[in-house]
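User: Here is a structure I would like to go through. Please take the questions one at a time.

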Amino acid sequence: MVTTDTISLSTKGHCDIVDITLPVEQQLAKSEIVSGIATVFVTGSTAGITTIEYEPGIIADLKDAWQRLAPDNIPYAHDRAWGDGNGYSHIRTSLLGSSLVIPFKDKKLALGTWQQVVLVDFDNRPRQRQLVVQFMGE
Amino acid sequence: MVTTDTISLSTKGHCDIVDITLPVEQQLAKSEIVSGIATVFVTGSTAGITTIEYEPGIIADLKDAWQRLAPDNIPYAHDRAWGDGNGYSHIRTSLLGSSLVIPFKDKKLALGTWQQVVLVDFDNRPRQRQLVVQFMGE
Amino acid sequence: MVTTDTISLSTKGHCDIVDITLPVEQQLAKSEIVSGIATVFVTGSTAGITTIEYEPGIIADLKDAWQRLAPDNIPYAHDRAWGDGNGYSHIRTSLLGSSLVIPFKDKKLALGTWQQVVLVDFDNRPRQRQLVVQFMGE
């Protein structure tokens, strides 16, 4: 069985990290599927999906880490060609990935207590984001 | 229902970035599955899969980013032991990942207009690559 | 069809890299599923899953790479707030990811000969880890 839902949400951009665990769990509760996988996918090339312990320290640390890994203040060929100034956002997204698969059993995702599912919006402006949340199983 | 196909392609190595969106979509069109997940997996330990906006600026920026993240001109223990000079290729692959899962519905992948599926071949020579493209759903 | 198993294992922490290919293959052999996906997921926010060629050179190189990418000897806000000293472990996990999906066909995972599935335990102490290994298919 397959159910495919969409979650729409607003972000502030600039490495905004949004906890989406609850809406994913709520969609799972509504689905008829008991065991299987949840696939969370963000459409677009400037935002990614991962898991973190969602607490202010880690959120600040993750923003600092991305600034070291793919700085927003060095030249990017994308920006020279298109002028939209978000070359770093594309690079970060490509490294982090846009997709996450979480197994579940008896209606419970395999997440730990301090392991939340997050959208990381790397773009350089506020965005309206569409997430696909799909459950497959039996 | 499950269908498993293989895509074979030649790369130039050296961080060659190949757009594989069209062959994945063509395999999906041929499949009988309407909604579910597409899993794209590259066999081997020196190439990965991700999504990017496939345009020359981003392609150049991504190559530069990988050179900063896991440089090809620093010593690697793998190279001292095996002499094949592609230690950096292994490290980059391990960071990027060899697998991507994309949900689809009504025969349409959840990709954005400027979000392409790419193979990144990190090896230090041209390679013939085998990708597994598997569709599962109903 | 869906089967969900758990693998429990001890790690040394400190970027301990554990080859889990064999237990995953053994679980697949026991399952009734012939073709589909294996999802390997580690519960917790300080360990990740990826693939590497599991040989001593690459293992040493990967530890060096993570020390460059998210050093354990710089300040982290998480550590200032919580004092557990593993802020870098959380950041590395968020970058690497906790989930891996591998397609299989005719009971054989799509892995290459030199492509092993590994748990990377980034925490700063030995840990007992729970992995979820789920097979879905037909």
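Analyst: The model is predicted.

User: How do the residues of the side of chain A that touches chain B divide into nonpolar, polar and charged?

Analyst: Chain A brings 26 residues to the contact and chain B brings 32. Elements that each supply at least two residues of the chain A side include strand S1 (2-11), helix H4 (87-96) and strand S8 (127-137). The residues on that side of chain A are 15 nonpolar, eleven polar and no charged.

User: Which three residues supply 23% of the area that chain A buries against chain B?

Analyst: Between them, chain A and chain B bury about 2,300 Å², with 64% of it on carbon and sulfur atoms. On the chain A side, more of the buried area comes from one trio than from any other three residues: Phe41(A), Ser94(A) and Leu95(A).

User: Which exposed residues does the face of H1(B) turned away from its buried side carry?

Analyst: In helix H1 (residues 21-30) of chain B, the buried residues are Thr21(B), Val24(B), Gln27(B) and Leu28(B). They lie on the same side of H1(B) because they cover an arc of only 135 degrees around the axis. The face turned away from that side carries the exposed residues Leu22(B), Ala29(B) and Lys30(B).

Conventions:
Residues numbered from 1 in each chain as written. Chains lettered and ligands numbered in written order. Predicted model: local features only at pLDDT ≥ 70, side-chain atom pairs only at ≥ 80, totals over all residues. Heavy atoms only, no water. Buried < 20%, exposed > 50% of the residue type's maximum accessible area, 1.4 Å probe, protein only. Helix = DSSP H or I, 4+ residues; strand = E, 2+ residues; numbered from the N terminus. Arc of directions from axis to C-beta. Contact = heavy atoms within 4.5 Å. Buried area = accessible area lost by both parts, 1.4 Å probe. Nonpolar A, V, L, I, M, F, W, Y, C, P; charged D, E, K, R; others polar.
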